[in-house]
Amino acid sequence: GQGPGEMLRENSWGKFTKPLFVMTGSADGPTRTGQPAEWRKKPYELSPAGDKFLVWVEDLDHGFGGITGWNFNPKNKPNADHVRYTKMLTTAFWDAYLKADEKALAYLRSDRLASGSKGAVQISHK
């Protein structure tokens, strides 16, 4: 996601009631407009509580570890752990909200991946 400043404003997420999944990391910036990586957290931070998730991964860049298999930016480095985290968490989110899978939702709300990644992955929810 992106924070306010280009086409979006501080209040753009204020009435967002649908489930939201924001995943970014410490190397996902500066953006093309010079914003720091933390700017990408804003959709989560500025949205109301209720089925909202923020995943922050240490050293994750905009290529999510190369999950597409195509390196569109030479500064992005392949990272098998980042690809694995992306697959695990996005699948859990979709299973939780498209399949009403309670185990997937419990996984998203747990600290299992944060612990298993030795703190590289931080998951917040509200």
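Reader: In which strand does Asp 59 lie?

Author: This is a predicted model. Asp 59 lies in strand β2.

Reader: What makes the phi of Asp 59 worth a remark?

Author: The phi of Asp 59 is positive, about 70°, although Asp 59 is not a glycine. Most residues other than glycine have a negative phi. Lys 118 also has a positive phi, of about 60°, and is not a glycine. Lys 118 is found in the loop between α4 (112-116) and β3 (121-125).

Reader: Why is Lys 118 called exposed?

Author: The relative accessible area of Lys 118 is 79%. Exposed means over 50%, so Lys 118 is exposed.

Reader: Why does Gly 63 count as buried?

Author: Its relative accessibility is 9%. Buried means under 20%, so Gly 63 counts as buried. Gly 63 sits in the loop between β2 (52-61) and α2. The C-alpha atoms of Gly 63 and Pro 78 are separated by 8.3 Å, and these residues are 15 apart along the chain.

Reader: Is Thr 86 buried or exposed, and how do you know that?

Author: Thr 86 has 7% relative accessibility. The cut-off for buried is under 20%, so Thr 86 counts as buried. Thr 86 is placed in helix α2. Leaving aside residues up to four places away in sequence, Thr 86 touches Met 23, Phe 64 and Ile 67.

Reader: What share of the chain is buried?

Author: Buried residues make up 37% of the 126 residues in the chain.

Reader: Which residues make the contact between α2 and α3?

Author: From α2 come Met 88, Leu 89, Ala 92, Phe 93, Asp 95, Ala 96 and Tyr 97. From α3 come Ala 104, Leu 105, Tyr 107, Leu 108 and Arg 109. By class, this contact of α2 with α3 has 10 nonpolar residues, no polar ones and 2 charged ones.

Reader: What makes the bond between Gly 29 and Pro 30 stand out?

Author: Gly 29 and Pro 30 are joined by a cis peptide bond, with omega about 5°. Most peptide bonds are trans. Pro 30 is placed in the loop between β1 (20-27) and α1 (42-45).

Reader: How many helices and strands does the chain have, and in what pattern?

Author: The chain has 4 helices and 3 strands. Along the sequence, the pattern reads β-α-β-α-α-α-β.

Reader: What share of contacts joins residues at least 24 apart?

Author: Among contacts in the chain between residues at least 6 apart in sequence, 62% join residues at least 24 apart.

Note on methods. Residues are numbered from 1 along each chain as its sequence is written. This is a predicted model: local features need pLDDT of at least 70, side-chain atom pairs count only at pLDDT 80 or more; totals for chains, interfaces and linings use all residues. Side-chain values use heavy atoms; hydrogens and water are left out. Contact means heavy atoms within 4.5 Å. Helices (H or I, at least four residues) and strands (E, at least two) are DSSP runs, numbered from the N terminus. Ala, Val, Leu, Ile, Met, Phe, Trp, Tyr, Cys and Pro count as nonpolar, Asp, Glu, Lys and Arg as charged, and the others, Gly among them, as polar. Buried means under 20% relative accessible area, exposed over 50%, partly exposed in between (1.4 Å probe, protein chains only).
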